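Hi,

Here is the structure I promised to pass on. Have a look at it first, and then read my notes below.

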Amino acid sequence: GGAVACLAVLVDGKRPLKAQCRMVKGGSGIKLRTESKTLSDETLVTSAEVTIHSLRDLSDYSNPMAECALLKCALIQLGLVPLGPITDDDSSSIQSYLKTFCQTDLDDVG
């Protein structure tokens, strides 16, 4: 079991991007996935997947060319992690932030 968030962005009434965020079973992070499909028959064009284990994995949130950058921004905007501690040299685990965000004391959140 786990929590899943699904996000669909419409541009000019069309669905160019599908994004999913899922906590990884066993307390090992958050899995982010984006997909781009054709509008006519929804054939998969591209996809990207990233697993967030530490704050360092979120550090490229402001780079629009980074894999799953929109989802990383969404997690930050939702309050999972404050902007201050996110740096590319911080290997702090994401687990404590998940516990606080999900309001649980379980050791294996995610």
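Cys-73 is partly exposed, with a relative accessible area of 31%. Cys-68 is buried instead, at a relative accessible area of 4%. If you were wondering how many disulfides there are, the structure holds zero. Keep in mind that this is a predicted model, not an experimental one.

Cys-68 has another thing going on: its phi is positive, about 60°, even though the residue is not a glycine. You'll find Cys-68 in the loop between β4 and α1.

**The overall picture**

Stepping back, the protein has two helices and four strands. Of the 110 residues, 28% are buried. The accessible surface comes to about 6900 Å², and carbon and sulfur atoms account for 52% of that surface. As for contacts between residues at least 6 apart in sequence, 39% of them join residues at least 24 apart.

**The core**

The largest nonpolar core has 16 residues. Which of them touch the most other members? That would be Ile-30, Leu-32, Ile-52, Leu-80, Val-81 and Ile-94. Three elements each supply at least two residues of this core: β3 (30–37), β4 (44–52) and α1 (69–78). As general background, nonpolar side chains in soluble globular proteins tend to be buried together.

**A lysine to look at**

Now go to helix α1 and pick out Lys-72. Is this lysine buried or exposed? Lys-72 counts as buried because its relative accessible area is 3%, and the cut-off for buried is under 20%.

So what does Lys-72 touch, leaving out residues up to four places away in sequence? Its contacts include the acidic residues Asp-57, Asp-60 and Glu-67. Lys-72 also touches Leu-32, Val-50, Ile-52, Leu-58 and Tyr-61. Two of these, Leu-32 and Ile-52, came up above among the core residues that touch the most other members.

Cheers

Technical notes
Residues are numbered from 1 along each chain as its sequence is written. This is a predicted model: local features need pLDDT of at least 70, side-chain atom pairs count only at pLDDT 80 or more; totals for chains, interfaces and linings use all residues. Side-chain values use heavy atoms; hydrogens and water are left out. A nonpolar core is a set of buried Ala, Val, Leu, Ile, Met, Phe, Trp, Tyr and Cys residues joined through side-chain atoms within 4.5 Å. Buried means under 20% relative accessible area, exposed over 50%, partly exposed in between (1.4 Å probe, protein chains only). A disulfide is a pair of cysteine sulfur atoms within 2.5 Å. Contact means heavy atoms within 4.5 Å. Accessible areas come from the Shrake-Rupley method with a 1.4 Å probe; for residues, only the protein chains shown count as cover.
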